[in-house]
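Q: I'd like to learn how to read a model like this one, feature by feature. Can we go through it together?

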Amino acid sequence: MKCQHCNQNEATTHIKKVVNGKKEEMYLCSECAKELGVMDEFKMPTMSEMFSDSFLGNFLGAGVAAMNSLAGVDRCSSCGSSFNDIVNSGRIGCADCYDKFEDKLEPSIRKIHGKTKHIGKFITYSDDEKKAEEKPQVSELDSLKEQLKTAISEQRFEDAAVIRDKINELQEGGNE
């Protein structure tokens, strides 16, 4: 049987892939198999390869390049990346690639991150939580009043005047 990629050499490699019950088969010569990266999945990666930029690509699977070469390769309409490009580089082309290749990316993203929804670094607070944040001001006010009583009883009148001014600032800020 001839290689299905170059149609010149004798096929020595047989690839069979079953996805959602749909079976795809390919017959390749050794040169085309090597060129398409099909045999890379059987090669043991070095430590530097495991932790390089292609780390995400290793999670996404090998042999995809060969399957994309036979089938019509889907490309992102925004950046032109194919799923094969993402696998090889380990990097997503653009934000639209997530929508285009969602069915292929989601299992790997879930495996790597545990979730598929990004909630961000910054947390927004509701009105109830904002009110809870304002309560420490009341405790600060109570604390200043206690300090004022202590300063007066110890006859530290200059310190008491400074504390009194702070109390007035807090009370005026709360009434506005």
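A: Let's begin with a cut-off we'll need for the cysteines: a disulfide is a pair of cysteine sulfur atoms within 2.5 Å. Keep in mind as well that this is a predicted model.

Q: With that cut-off in hand, how many disulfides does the structure hold?
A: The count is 0. Take Cys29: its closest cysteine sulfur sits in Cys32, 3.5 Å away, and that is too far for a bond. For Cys94 the closest cysteine sulfur belongs to Cys76, at 3.6 Å, again too far for a bond.

Q: Which residues make up the largest nonpolar core?
A: That core has 9 residues in all: Cys3, Ile15, Met26, Leu28, Cys29, Cys32, Ala33, Leu36 and Val38. Both β2 (22-28) and α1 (30-35) supply at least two residues of this core. So Cys29 and Cys32, the two from the sulfur check, turn up here again as core members.

Q: Let's zoom out. What order do the elements of the protein run in?
A: Starting at the N terminus, the order is β-β-α-α-α-α-α-α-α-α-α. In total that gives 9 helices and 2 strands. Of the 176 residues, 23% count as buried. The accessible surface comes to about 13,200 Å², and carbon and sulfur atoms account for 50% of that.

Q: What pLDDT does the protein average?
A: Think of pLDDT as the predictor's confidence in each residue, from 0 to 100. The average here is 75, and 67% of the residues score at least 70. Over residues 61-66 the pLDDT stays under 50, and for that stretch the model has 13 contacts beyond four places in sequence.

Q: Now the aromatics. How many aromatic pairs does the structure hold?
A: There is 1 aromatic pair. The ring centres of Phe83 and Phe101 are 6.0 Å apart with the planes at 50 degrees, so the pair is tilted. Phe83 belongs to helix α5, while Phe101 is in the loop between α6 (95-100) and α7 (102-113), so the pair ties together parts 18 residues apart in sequence.

Q: Are Phe83 and Phe101 buried or exposed?
A: Phe83 is buried, at 4% relative accessible area. Phe101 counts as buried too, at 2% relative accessibility.

Q: Where in the structure are Ser81 and Ser82?
A: Ser81 lies in the loop between α4 (64-70) and α5 (83-89), and Ser82 is found in the loop between α4 and α5 as well. Ser81 counts as buried at 14% relative accessibility, and Ser82 counts as buried at 2%. Leaving out residues up to four places away in sequence, Ser81 touches Asp74, Arg75, Cys76, Gly93, Cys97 and Phe101.

Q: What should I look for in backbone phi angles?
A: Most residues other than glycine have a negative phi. Asn7 has a positive one, near 55 degrees. Asn7 sits in the segment before β1 (13-19) and counts as exposed, at 56% relative accessibility. Gln155 also has a positive phi, near 60 degrees. Gln155 is in the loop between α8 and α9 (157-175) and is exposed, with a relative accessible area of 60%.

Q: Which residues does Leu148 touch beyond four places in sequence?
A: Leu148, in helix α8 (residues 127-153), touches Ala160, Ile163, Arg164 and Ile167.

Conventions. Residues numbered from 1 in each chain as written. Predicted model: local features only at pLDDT ≥ 70, side-chain atom pairs only at ≥ 80, totals over all residues. Heavy atoms only, no water. Contact = heavy atoms within 4.5 Å. Helix = DSSP H or I, 4+ residues; strand = E, 2+ residues; numbered from the N terminus. Buried < 20%, exposed > 50% of the residue type's maximum accessible area, 1.4 Å probe, protein only. Areas by Shrake-Rupley, 256 points an atom, 1.4 Å probe, with all protein chains shown as cover. Core = buried A, V, L, I, M, F, W, Y, C linked by side-chain atoms within 4.5 Å. Phe/Tyr/Trp six-rings, centres within 6.5 Å; stacked < 30°, edge-to-face > 60°.
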